[in-house]
Amino acid sequence: MRAATRARAAVPQRYHYGGHPSQFADLHLPAAGMAVRGVVVIIHGGYWRSTYGAELGEPLAQDLVGRGYACWNLEYRRAGDGGGWPATFEDVAAGIDHLARAADEHGLDLGSTTALGHSAGGHLAVWAAGRAALPAGAPGAGTPGVPLTAVVSQAGVLDLREARELGLGDGAVENLLGAPDDPERYRLADPMTAVPLDVPVYAVHGEKDTTVPLSQAESYVRAATAAGATAGLSLVPGDHFAVITPGSKDWDRVVELLDDAAASGLPAPG
């Protein structure tokens, strides 16, 4: 039944939120007549580099739209393609806010809007959820046009200080942010320094993940819960990519958290 529903789903509609070729998002809507249970902003990973793009989020959107979700598959400028600091952060903020225009056109209720980010996209999703607390002048600062109501991080890079010290992704953090002697830049970009957030953040991490260490999720969830925020960690059996592979047990757990977020605004603990 779900496959048949997907076949009837509307062709994704592309929205451009800027003049650069990477400043776009594809809106996936459920089939006509199917109730929309929530909105999911998909933010792909790839260590913030231009090697990977929004095509990584397509299978996720195709699966979720068949479950009744409207999906906003976001592309953004990445290092090597006009991105880095501050462009990548400005794009993620502007790209999420542009969802408001699409919602107006299609009558979408944004009352339940969950950011779903994988790897570097997990970092950007959690960062975006804390935008309202950023100081004036920082990339992405100001009142969000589309407030996020929850975040599900899939093997996210959530502790930039540790990631930098470990040299993850062949120096991906410094490649993204540059200016190694500018601590303020690194502080503003790090989800750890924005704790506690006022929206729930749930991390899903594979036990066989050798790309992003489990400590990235553990450090964030430990700090968030200690600060009184709602956060949780779900361990799943697969590797770094199983969490973005529909049909896997890892993906099933991701869907469970999205379902809980859509139903109550508070995903169930892992």
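Mentor: Take helix H3: eight of its 11 residues are buried, so H3 is largely enclosed by the rest of the structure. Buried means under 20% relative accessible area, exposed means over 50%, and partly exposed lies in between, with a 1.4 Å probe and protein chains only. Helices (H or I, at least four residues) and strands (E, at least two) are DSSP runs, numbered from the N terminus. The model is predicted, so local features need pLDDT of at least 70 and side-chain atom pairs count only at pLDDT 80 or more, while totals for chains, interfaces and linings use all residues. Residues are numbered from 1 along each chain as its sequence is written, and side-chain values use heavy atoms, with hydrogens and water left out.

H3 covers residues 87–97. Its buried residues are Ala87, Thr88, Phe89, Asp91, Val92, Ala93, Gly95 and Ile96. They pack against S3, S4, H4, H5, helix H7 (168–177) and helix H8 (183–189), where contact means heavy atoms within 4.5 Å. H3 lies across S3 and S4, and runs at about 150 degrees to S4. Axes here are lines fitted to C-alpha atoms, for helices over the stretch in contact, and angles run from 0 to 180 degrees between N-to-C directions.

S3 and S4 belong to an open sheet of eight strands with mixed pairing, in the order S1-S2-S4-S3-S5-S6-S7-S8. Strand S1 (13–16) and strand S8 (231–236) are at the edges with a single partner strand each, so one side of each has no neighbour in the sheet. From one strand to the next, the twist averages 20 degrees. Two strands pair if DSSP finds at least two bridges between them; strand S6 (residues 150–154) and strand S7 (residues 201–206) run parallel and are joined by four. One of these bridges pairs Val152 with Tyr202 in S7. Another helix, H2 (residues 58–65), lies across strand S2 (24–28), strand S3 (38–43), strand S4 (69–74), strand S5 (113–118) and S6, at about 170 degrees to S4.

H5 is mostly covered, with 10 of its 10 residues buried. Leaving aside residues up to four places away in sequence, Ile43 touches residues including Val92, Ile96, Leu124 and Ala125.

H4, against which H3 packs, covers residues 99–106 and holds Glu105. Glu105 is partly exposed, at 45% relative accessibility. Its side chain makes a polar contact with the side chain of Tyr15 (2.7 Å); such a contact is a pair of N or O atoms within 3.5 Å, and within protein one must be able to donate a hydrogen and the other to accept it, with residues adjacent in sequence counted only if both atoms are side-chain atoms.
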